[in-house]
Amino acid sequence: MTYKYLFDTVIGQDGAIYNDYLFRFNSKGVCKVFSMLDDHAMLSEFMLDKVELLMPHSNAVCFGTEFYEKTDEFPLLYTNIYNTYSKDENRMEGVCCVYRLIREGEMFTTSLVQVIKIGFVDDLDYWKSLEENGDVRSYGNFVVDTDRNQYCGFTMRDKEQTTRYFTFTLPKLSEGTFDETLGANVVILQKEDILTCFDCEYSRYIQGACYYDGKIYSVEGFTRSEINKPKLRIIDLINQKQVTVVALWELGLDVEPEFIEAYKNQIYYSDATGSVYLLTF
């Protein structure tokens with residue numbers, strides 16, 4: 001793999017690209033919008049709906065295939081809670097928020113339209129790990145398989161030294177039970193909804209992720225860490241196996257990975273400082 005520096009955005013988490021707009025989120029629900037055209041200008045800023053209730057960390061962000069209205073410019077936007085670092089019972093593990101995104105000129109607004117929850121996050125045989133090894137972040141990550149309309153959730157399992165991957169049929173917007181507090185339907189994915197489940201080599205710690213051509217591109221690690229070095233893992237969802245591991249730090253990309261996205265058959269990557277690179281395989 002080789003890479004080419006393109007431009008700078010902002011310090012942030014994951015994001016997504018659609019219609020030549022790059023959406024880069026921070027851990028507080030704020031998104032800055034950049035142009036993917038030649039000038040790469042920052043165009044706008046907005047906050048996700050109901051951040052005070054959900055506190056989305058936006059560790060993984062992507063667009064799906066379903067549109068709230070047929071005339072909408074953007075399909076539904078998915079972003080996960082990932083972690084609130086809360087020690088109380090409301091840790092919101094395995095939770096993903098779904099938004100309608102509207103643009104008027106260069107102004108963007110969102111409305112929460114659905115929440116997707118993994119319903120078995122406390123099950124030690126499926127999702128959760130015993131906290132014998134210290135910091136176990138079982139909040140989980142996800143991507144949307146836009147080819148097969150599947151929701152792919154995955155979580156670190158320290159005890160097993162693996163990351164476990166689950167696929168489900170992607171819930172339609174009409175599904176779920178309406179929650180008056182959230183003002184949106186809540187869908188709970190249970191064990192009986194699992195389409196596939198498989199384990200791959202452990203990822204510590206999971207950062208941004210995207211789906212492209214039947215595979216999950218997942219980045220991990222921290223800045224110049226000897227233990228948790230920045231890596232890119234490529235997971236084949238069809239054959240249920242890891243196909244590639246790229247040691248990003250060996251290439252000079254030793255800052256904490258955050259953002260990875262597939263757009264127009266190319267892979268874009270950004271670290272925690274906001275520097276955006278084009279990856280070539």
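A residue counts as buried when its relative accessible area is under 20%, as exposed when that area is over 50%, and as partly exposed in between. The structure described here is a predicted model.

**Strand 14 and its partners**

By that definition, strand 14, which runs over residues 184–189, is mostly covered, since 5 of its 6 residues are buried. Strand 14 pairs with strand 9 (residues 107–118) in the parallel sense, over 5 bridges. In this pairing Ile-116 stands opposite Val-187 of strand 14. Strand 14 also pairs with strand 13 (residues 177–179), in this case in the antiparallel sense and over 3 bridges. Here Asp-179 stands opposite Ala-184 of strand 14. Strand 13 and strand 14 form a hairpin, with 4 residues between them. In the turn of that hairpin, Gly-183 has a positive phi of about 70°.

Most residues other than glycine have a negative phi. Met-55 is not a glycine, yet its phi is positive, at about 50°. Met-55 sits in the loop between helix 1 and strand 6 (61–63). Its relative accessibility is 46%, so Met-55 counts as partly exposed. Asn-149 also has a positive phi, near 50°, and is a residue other than glycine. The loop that holds Asn-149 lies between strand 10 (141–145) and strand 11. Asn-149 is partly exposed because its relative accessible area is 36%.

Gln-150 belongs to strand 11, which covers residues 150–157. At 18% relative accessibility, Gln-150 falls under the 20% limit and so counts as buried. Which residues does Gln-150 contact, leaving aside its neighbours within four places in sequence? The contacts are Val-143, Val-144, Asp-145, Thr-167, Phe-168, Leu-170 and Leu-195.

Leu-53 lies in helix 1, which spans residues 51–54. Leu-53 counts as partly exposed because its relative accessibility is 34%. Not counting residues up to four places away in sequence, Leu-53 touches Met-92, Thr-181 and Leu-182. Leu-182 is 129 residues from Leu-53 along the chain, and the C-alpha atoms of the two are separated by 7.8 Å.

Ile-11 is placed in the loop between strand 1 (2–8) and strand 2 (15–18). With a relative accessible area of 69%, Ile-11 is over the 50% limit and is therefore exposed. Beyond its neighbours within four places in sequence, Ile-11 is in contact with Ala-272 and Thr-273. From Ile-11 to Phe-25 the distance is 8.8 Å, C-alpha to C-alpha, and the two are 14 residues apart in sequence.

**Cysteines**

How many disulfides does a search of the whole structure find? The count is 0. A disulfide requires two cysteine sulfur atoms within 2.5 Å of each other. Two cysteines show how this cut-off works out.

| Cysteine | Closest cysteine sulfur | Sulfur distance | Relative accessible area |
|---|---|---|---|
| Cys-97 | in Cys-96 | 6.4 Å | 0% |
| Cys-200 | in Cys-197 | 11 Å | 7% |

Cys-97 is buried, as its relative accessible area is 0%. Cys-200 also counts as buried, because its relative accessibility is 7%.

**The cavity**

The count of cavities of 30 Å³ or more comes to 1. The largest cavity has a volume of about 50 Å³. Its lining is made up of Asn-80, Gly-94, Val-95, Ile-118, Trp-127, Tyr-139, Gly-140, Asn-141, Tyr-151 and Gly-153. Sorted by class, the lining of the largest cavity has 5 nonpolar residues, 5 polar residues and no charged ones.

Notes: Residues are numbered from 1 along each chain as its sequence is written. This is a predicted model: local features need pLDDT of at least 70, side-chain atom pairs count only at pLDDT 80 or more; totals for chains, interfaces and linings use all residues. Side-chain values use heavy atoms; hydrogens and water are left out. On a 1 Å grid over the protein atoms alone, a cavity is a set of points where a 1.4 Å probe fits but cannot get out, and a pocket is an open set with protein on both sides within 12 Å along at least five of seven lines; lining residues have an atom within 4 Å of a point. Grid points are joined across faces, edges and corners, and a volume is the space filled by probe spheres set on the points. Ala, Val, Leu, Ile, Met, Phe, Trp, Tyr, Cys and Pro count as nonpolar, Asp, Glu, Lys and Arg as charged, and the others, Gly among them, as polar. Helices (H or I, at least four residues) and strands (E, at least two) are DSSP runs, numbered from the N terminus. Buried means under 20% relative accessible area, exposed over 50%, partly exposed in between (1.4 Å probe, protein chains only). Contact means heavy atoms within 4.5 Å. Two strands pair if DSSP finds at least two bridges between them.
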